[in-house]
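Hello,

Here is the structure you were waiting for. Please open it alongside this note.

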Amino acid sequence: MAERQEREQGKRMSEEEKPTAVEQEPCYRDAGVDGPALSSHQGQSPDSFAQAAQEDASARFGRDGTNQRLADDTAHGQNPGTSCHHVSGHTDHASHGHTCHAHAHHGHGSGAGVSPDDPNAIYTCPMHPEVQQKGPGSCPICGMALEPLAPSLEQSRLSQDAEYLMMRRRLVVSAILSLPLLALAMGPLIGLRVGEWLGWRGGFQHLVELALATPVVAWGAWPFFVRAVQSLRGWNLNMFTLVGLGIAVAYVYSLIATLWPEIFPAAFREPDGSVPVYFEAAAVITTLVLLGQVLELRARHETSGAIRALLSLAPPQAVRILEDGTQEVIPLAEVHAGDRLRVRPGEKVPVDGVVLEGAGVIDESMITGEPIPVEKTVGDPVTGGTVLVSGSLIMTAVKVGDETMLAQIVRLVAEAQRSRAPIQALADKVAGVFVPVVIFVSLVTFAAWGLWGPPPQLAHALVNAVAVLIIACPCALGLATPMSIMVATGMGARHGVLIRNARAIERMEKITAVVIDKTGTITEGRPSLVAVVPIDEQKDEKRNEEEVLRLVAGLAQASAHPLSMAIAAAARDRGLAVAEPESFESVTGAGLKGIVEGHRVVVGKAPFIKAQTGKRLNDTDLEQARAWSARGATVVHVAIDGSWCAFFAIEDPLRPTSREAVAALHRAGILVVMASGDQEATARAVASQVGIDRVHAGVTPEDKARIVAELQAEGHRVAMAGDGVNDAPALAAADVGIAMGSGTDIAIESADITLLASDLIGVVRAHRLSRATMRNIRQNLFFAFAYNALGVPIAAGVLYPWTGLLLNPMIAAAAMSFSSVSVVSNALRLNRVKL
């Protein structure tokens, strides 16, 4: 088995190094019954079906499930999660010396991620995704602890725990030593003269305070000093620059004042001649900053809960059926494409595949967000991570490891969480000059208090300068956007809304018009044939209903269009013998034509039939067809051997949520536009039932891009909801492209937002989430700006001439620490937003 894994790994790695061409086959929805000439899987064995599905997936995605858009993003400098740069110094000076593959080898592992023991695991900063390095560490720009680039349940837990436990240990020790130090230094202010009670006087008490403070500063604050020095080396000044300076200034000054008090001039001395020391300030500041770091790490761990929840969906084991019929329980990492797997009631489907034997009901809500379980039988696809509620299945594995839908979702969510919203540019600009400005303000504060402050002037100057350094917190400013984006993308994933990047969230909030398809979006996408209506065009060649259906079904079975599949299904349900077509051609936006059993069959829209036969419907038949369209049925016309002989009435029921979704969009002030390839009467009938504002019927995929452009010319911000393949031009033209697809839709990365369930309510959820997220980001930015705008002047002592108020550095440290925690806590409120 080990040799087999090595061969598979080597094969896959060699394939990864080759460029993969992405084939996008149009799936012409609502365009008559035309569609791509896909070979039918009917009548094939389950094994051949699985092989065809795997080949199709490989052709579209490449081996690692990544499509061309992802490759394009890499070429344009965006971070797809598959390459890395070690950053030192300023971010503009990233080293491009090598590329590091952060993903697991395909076919090995339970999904996107890295092994917790992988020494080459790439880590990145949640605030600065351009910073990437091998192994854990701290960000050279902001000092924040790095996180794994490729999500892994175990790696994520270990990295979070290591940083959290380290900070918590330092916090506990620092707090134990700081409390008696605080009592010694500050106790007399509230009547607790601990030093006098113990008989400690003057210099001896200072030595005791030095002994208590030194471990706190030297060990407890050591991570802050390391990050402060790192920030100075690369001139990426950040929160730890200020904290490190503040603690160092307070401690070093106090150390000198304790050991060599005679060197200080009168401006530093109290009225009794003693030199004040601030060991308690250095120690308590360290303790409070550590407390803030611990609380922030715990809160940040919650923001990545969505990733951990998605990773935990994959079961740790699978039951493989061997060639001799025996079964073995194997780790999920050992499942390979083509393996036969058994899924028992209550178990999770291990990987993506196809049902070989049996039947059952599967709960797909954890992937699609749809609460209603789905029946699965032989030939149906199943998705890894979903739960078999009842029944028993034997399936063949088609996609394993990083190729599974669950792995793609995890990767997409992780990339979205690391992306940067345009609104963050403001915070970045401010943060770029913030720390130097704060240091300048601190120096001005020292000078002002040293020149004009009350005695002892220099002592007051030092305290206030340190307070200015400590209270300023660029970390809160930097966290304002990333934390909200992390929570929002994770919450969206839990509701079947996959957001490609932060830019999509910001744009989605501003949309004023939505362009949607009909089939599979407003309707169920499962049309059924309800009537075969003969036409008495040539009575001598009149064909019976079953013969017409049988011939048309022979042609339709070669198409993947929903209407074609409805015709083929109707023929099967009636037990008709359907022959393979001798020739087949799909005409985009019009219909199908070919030879079946020697007969020339043409099926599609009325203009297409007229162009192929040179004939037209008489008024009676035309009125009859219009009557079916008026009730919402799609009318598909049929000509055999040059004679217009019948039309089919196909109905697709409305989704139960369509009316509710359109009403919700209207309440949000959004114009809803239908762009359907169906006939005018049918499209308008469906639109009137759900309250659509505008209807464009008989459109081609190219027409949809034109409709989007026209709406934009009217001043609208447009979201286009399509299937992500045939609607590619419109998706690209829209301000926000929304790919509508089922949980097995391989177009998951072809748009800004992907809805795992083809339901219009997903568009409503995406819009609600974007509005709540942007509101949350603005709140965070306001808190951060307002905090610094008020805190820094107060710390500098601007209120002292009127109120006598001074801000103790310890109070400043507490305020600084909790400012970051408040930003993260506010971001976590997004988890309570009702979508």
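Below is what was found in it, from the whole chain down to single residues.

This is a predicted model, in which local features need pLDDT of at least 70 and side-chain atom pairs count only at pLDDT 80 or more, while totals for chains, interfaces and linings use all residues. Residues are numbered from 1 along each chain as its sequence is written, and side-chain values use heavy atoms, with hydrogens and water left out.

**Whole chain**

The chain has 27 helices and 23 strands. These are DSSP runs numbered from the N terminus (helices are H or I, at least four residues; strands are E, at least two). Of its 835 residues, 56% count as buried. Buried means under 20% relative accessible area, exposed over 50%, and partly exposed in between (1.4 Å probe, protein chains only). Contact means heavy atoms within 4.5 Å. Among contacts with a separation of 6 or more, 70% join residues 24 or more positions apart.

**H15 and H25**

Two packed helices are described by the angle between their axes and the distance between the axes. The axes of H15 (residues 474-494) and H25 (residues 761-796) come within 8 Å and cross at roughly 160°. Axes here are lines fitted to C-alpha atoms, for helices over the stretch in contact, with angles from 0 to 180 degrees between N-to-C directions. H15 is therefore roughly antiparallel to H25 (the term covers angles over 145 degrees). Residues making the contact include Ala480 and Ser484 of H15, and Asn776 and Asn780 of H25.

Asn780 sits in H25. Asn780 is buried, at a relative accessible area of 0%. Beyond neighbours within four places in sequence, Asn780 touches Ala480, Ser484, Val823, Asn826 and Ala827.

H25 has 36 residues, so at 1.5 Å a residue H25 should span 52 Å; its end C-alpha atoms are 53 Å apart, which agrees. The expected span is 1.5 Å times one less than the number of residues. Gly797 follows H25, with a positive phi near 95°.

**H17**

H17 covers residues 545-556. Its buried residues include Val548, Leu551 and Leu555. At its start, a side-chain oxygen of Asn544 comes to within 3.3 Å of the backbone nitrogen of Glu546.

**Ala175**

Ala175 lies in H4 (residues 153-186). Ala175 is partly exposed, with a relative accessible area of 24%. Ala175 and Val284 are 109 residues apart in sequence, yet 7.8 Å apart in space, C-alpha to C-alpha.

Best wishes

How values were computed
Polar contact = N/O pair within 3.5 Å; in protein donor to acceptor, adjacent residues only side chain to side chain. Parallel < 35°, antiparallel > 145°, perpendicular 65-115°, else oblique.
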